[in-house]
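The following note sets out numbered points for a colleague who is examining this model. Please read them alongside the sequence and the coordinates.

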Amino acid sequence: MSFKTFFSEQARKPSGLFGRFVMSRIFDYGNNTLNDFMQELLSLKKNDHVLEIGFGTGELITKMVKLINKGLIEGIDLSNTMVAIAEKKNKKYIVEGKVIIRQGNFEETAYNDNSFDKICCANTIYFWPDPDNCIKKILRILKPGGKVILAFEDKEQLERRSLNTNVFHFYSQDEIKNLLSHNGFSGSIDILSKEIKSQRYHCAVAVK
Ligand SMILES: C[S@@+](CC[C@H](N)C(=O)[O-])C[C@H]1O[C@@H](n2cnc3c(N)ncnc32)[C@H](O)[C@@H]1O
């Protein structure tokens with residue numbers, strides 16, 4: 001396996017020592033700007049029920065839980081390696097009942113209809129085999145008036161990186177917008193963009 005494929009697979013599902021020690025640092029230091037941008041747009045309220053899909057090391061969960069008191073932050077991630085890191089990092093909040101962390105594939109995990117005030121997902125949509133199904137599911141499990149934020153890196157920026165496109169699917173802003181509107185998000189869909197240290201990021205914001 002080439003390093004390009006190995007690295008792309010590790011980004012999709014971190015595992016082993018490389019996942020634990022290398023990918024975790026890449027996520028924490030490389031993705032914090034995009035995660036802060038997404039968190040700003042979430043405008044969390046004290047009693048919000050939030051789901052983060054593909055939480056990686058759980059860094060954003062730790063930041064979000066500090067902003068709620070009666071609410072609940074749930075996270076789902078495919079990788080056992082990331083789940084172990086996120087559980088350790090958020091142990092106090094899990095014990096207090098403010099955080100629930102689950103291991104699994106979002107697409108295959110059961111959630112009740114109309115459950116969440118906010119759903120967020122950074123740098124993970126690239127790996128969804130059936131994005132239509134995932135967006136339909138997000139719509140179903142959001143409460144009426146609930147908000148979804150999909151955060152992603154600029155398509156042209158990602159295309160310049162050494163990543164395997166059989167593992168990563170890159171999206172333009174219009175493609176994400178269409179994905180949301182074709183799968184039932186009928187209100188306005190905003191794409192907000194930010195350029196930081198010559199890196200370009202986008203957040204798609206839609207309301208049920
Ligand atoms: C590139 S990392 C991004 C992590 C974090 N959101 C960040 O911005 O640093 C993608 C994460 O999504 C998880 N993931 C990929 N596909 C997933 C799926 N279908 N369901 C849940 N988690 C998934 C991976 O295990 C990985 O931790």
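By class, how many nonpolar, polar and charged residues does the shell around the ligand have? The first point after the remarks on the model takes this up.

1. Basis of the note. The model is predicted; local features need pLDDT of at least 70, side-chain atom pairs count only at pLDDT 80 or more, and totals for chains, interfaces and linings use all residues. Residue numbers start from 1 along each chain as its sequence is written.

2. Ligand shell. The shell has 12 nonpolar, eight polar and four charged residues. In this classification Ala, Val, Leu, Ile, Met, Phe, Trp, Tyr, Cys and Pro are nonpolar, Asp, Glu, Lys and Arg are charged, and the others, including Gly, are polar. Of the 24 residues around the ligand, F27, N31, G54, G56 and S79 come nearest; a residue is near if its C-beta atom, placed from the backbone, lies within 6 Å. Helix 1 (3-12) and strand 2 each contribute at least two residues to this shell. Helices (H or I, at least four residues) and strands (E, at least two) are DSSP runs, numbered from the N terminus.

3. Seven strands make up an open sheet of mixed pairing, in the order 3-2-1-4-5-7-6. Strand 3 (99-103) and strand 6 (189-196) are the edge strands, each pairing on one side only. Pairing requires at least two DSSP bridges between two strands. Strand 5 and strand 7 (residues 199-207) are antiparallel over seven bridges, with E153 opposite Y201 in strand 7. Strand 6 and strand 7 are likewise antiparallel, over eight bridges, and I189 stands opposite A206 in strand 7. The hairpin of strand 6 and strand 7 has two residues between the strands, and K197 takes a positive phi near 45° there.

4. Helices on the sheet. Helix 5 (residues 80-89) lies across strand 2 (72-77) and strand 3, at about 165° to strand 3. Helix 7 (residues 131-141) packs on the sheet, where it touches strand 4 (116-122) and strand 5, and its direction makes about 145° with that of strand 5. Axes are lines fitted to C-alpha atoms, for helices over the stretch in contact, and angles run from 0 to 180 degrees between N-to-C directions.

5. Nonpolar core. Such a core is a set of buried Ala, Val, Leu, Ile, Met, Phe, Trp, Tyr and Cys residues joined through C-beta atoms within 7 Å. The largest one has 46 residues, of which I119, I149, L150 and A151 touch the most other members. Its largest share, six residues, comes from strand 5 (residues 142-153). Leaving aside residues up to four places away in sequence, I149 touches M38, L41, L42, C120, C203, A204 and V205; contact means C-beta atoms, placed from the backbone, within 7 Å.

6. Most residues other than glycine have a negative phi. Is N123 buried or exposed? N123 counts as buried because it has 21 C-beta neighbours inside 10 Å, whereas N114, with 12 such neighbours, counts as exposed. The cut-offs are 20 or more other C-beta atoms within 10 Å for buried and 12 or fewer for exposed, with partly exposed in between; C-beta atoms are placed from the backbone. N114 is in the loop between strand 3 and strand 4, and N123 in the loop between strand 4 and helix 7.

Notes. Contact = placed C-beta atoms within 7 Å.
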